[in-house]
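Colleague: I am new to this structure. Please take me through some of the terms used for it.

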Amino acid sequence: MGIILEIKGLKKTFEDKSNVVNALEDINLSIEEGSLVSVIGGSGCGKSTLLRIIGGLETEYEGEIIVDGKAVTGPSREKGFIFQDHRLLPWLTVKENIRLSLPEEQKNNDSLIRENLEIVELGEFENAYPSQLSGGMAQRVAIARALANKPRILLLDEPFGALDAITKIHLQDQLLRIWKEEKITMIIVTHDIDEAVYLGSRVVVMTPRPGRIKRIEKIELGTPRRRTGSLFTQERDKIYKEFFKETELPFTYNI
Amino acid sequence: MKNNIKQGLGHYVLYFLLPIIILIAWEWADIAGLLKSYTMPAPIAIVNTFIEYLQNGKLLTNIGVSLVRVVEGFLLALAVGFAIGIGVSIFPKFDTFTDLVIQTLRPIPPIAWIPLAILWFGIGQGSKVFIIFLGAFFPIFINTTEGVKNIDGRFFELAEVYEIPKQKLITKIVIPGALPQIMTGIRLGLGNAWVCVVAAEMIGATSGVGFMLSDGRSLSRPDIVILGMLIVGIFGKIMDDLLKALNKRLIKWQ
Ligand SMILES: Nc1ncnc2c1ncn2[C@@H]1O[C@H](COP(=O)(O)OP(=O)(O)OP(=O)(O)O)[C@@H](O)[C@H]1O
Ligand SMILES: [Mg+2]
């Protein structure tokens, strides 16, 4: 498969009156079509900034961002963006929230809306208001909304960060299933090492001040992926070592 | 918990207790000879005047005249205040263009316009509608602009991601997002409109509830004055209740 996203020599600084923040420096990355890449790093290392630049939400930077052979000039439906908050409009029902996001020629395509709600297993909730949904359900609606727009690439910024552990695990599995079925390229930003390793076929490790890519780890978990067992632990430990010294490594059992 | 209190009989007893106490105290003061009928009549005198005014038709005519004025001035203020409020919110240049005039006119109490209004429009309908318009316009306008300002900026980012066209942005994000505060503006505006109609009619009019007040004073009939005041209070409350109910229906997502 071809390269869908190419980042060359990306540098981003935020300036205000008093200081200059080197949010990103010397970022080079290419992402293959259909892959699922996780980006991990501590707070403030520029993960969100990187994703927002790819998504076209941030347009002042040095370097090149090429999606599908074209330079990114702004946000578009092709680049689905899932924010940390679900960002559903509280005054619209689930169905109307999705409808609002659709292109003009798809506005009346109710079956498209239903289909995508069913992908996230929320078919019966199309007439609910966001206030009637749990955090996890609302985030799934946000995913359905992005999918309904048939993005070429889906950018997720800590999408499950605010959810409890159990819901998070369910949603990770749901996301993996969607990725396999829909074959959409995904980039997921997270600060959860387990999540990064479980989801990503590659894990991009970032370090702060200035935000740089420290290394890119290929993950081999076999199929189906498992959260337990030695393969997972091995891969996870590799990422742990990027953040902690050997002696600090949390103790893990291998049975 | 809150609902339980609201539904019980106890709630209604409590709700009407204070007015009943006031009535009893008032009646008692009369019996005790503390009131002089030419400054403060007994409750029963108000009731008699009420019946008299109901029978000779003056009551309903005056209420009707005031209500029509309020509705006209208020609807005009609603249309203009809402339109300019949204316009100012989405076109920064229009905001800059209008800001100084609007903000300078705002602190002038509507009542201060009454002399000019009478000179311009006479003592008929026009001057009243003008004063009411001024009273209702500013709360509606200010709350519309504030309502738009307070919309979570992240929704506009969302609109960018999904390439939502400007017209949809206004109807689906800006207006509903500002609606709770617009409704607050509408309630304040209608309250002001009602205050303004009374003030305007007291100063120069030949009909309306405000006219009843000034007429009662010149006839030395405090019973008429008090009846007029009660009507102002009761109708003001009813209108606000209607708006509250409308608010609940419009903002059903909360
Ligand atoms: N709009 C902005 N103005 C100024 N500085 C900013 C802005 N956005 C981000 N930064 C700075 O850029 C750096 C990277 O921020 P970013 O939000 O990308 O980090 P992050 O990796 O997503 O962190 P977190 O895990 O906490 O979300 C931080 O030092 C932050 O203070
Ligand atoms: Mg972030």
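**Helix contacts and a sheet**

Modeller: Bear in mind that this is a predicted model.

Colleague: What makes helix 4 and helix 9 of chain B a packed pair?

Modeller: Their axes lie 8 Å apart, at an angle of about 145°. Contact requires heavy atoms within 4.5 Å. Residues of helix 4 of chain B, including Phe74(B), Leu78(B) and Phe82(B), meet residues of helix 9 of chain B, among them Ile182(B), Ile186(B) and Trp194(B). By class, the contact has 17 nonpolar, 2 polar and 3 charged residues.

Colleague: Where is helix 5 of chain B kinked?

Modeller: The kink is centred on Thr98(B) and amounts to about 45°. The bend is the angle between axes fitted to the seven residues ending at a residue and the seven starting there. End to end, the 14 residues of helix 5 of chain B reach 20 Å, close to the 20 Å expected.

Colleague: How do you know that strand 3 and strand 8 of chain A pair?

Modeller: Pairing needs at least two bridges. Strand 3 and strand 8 of chain A are joined by 5 bridges, so they count as paired, and they run parallel. In one of these bridges, Ser38(A) has Ile188(A) as its partner.

Colleague: Why are strand 6 and strand 10 of chain A at the edges?

Modeller: The open sheet has the order 6-7-8-3-9-10 in chain A, with mixed pairing. Strand 6 and strand 10 of chain A each have a single partner strand, so one side of each lacks a neighbour in the sheet. Neighbouring strands are turned by 20° against each other on average, direction ignored.

Definitions and conventions:
Residues are numbered from 1 along each chain as its sequence is written. Chains are lettered from A and ligands numbered from 1 in the order in which they are written. This is a predicted model: local features need pLDDT of at least 70, side-chain atom pairs count only at pLDDT 80 or more; totals for chains, interfaces and linings use all residues. Side-chain values use heavy atoms; hydrogens and water are left out. Axes are lines fitted to C-alpha atoms, for helices over the stretch in contact, and angles run from 0 to 180 degrees between N-to-C directions. Helices (H or I, at least four residues) and strands (E, at least two) are DSSP runs, numbered from the N terminus. Ala, Val, Leu, Ile, Met, Phe, Trp, Tyr, Cys and Pro count as nonpolar, Asp, Glu, Lys and Arg as charged, and the others, Gly among them, as polar. The expected span of a helix is 1.5 Å times one less than its number of residues.
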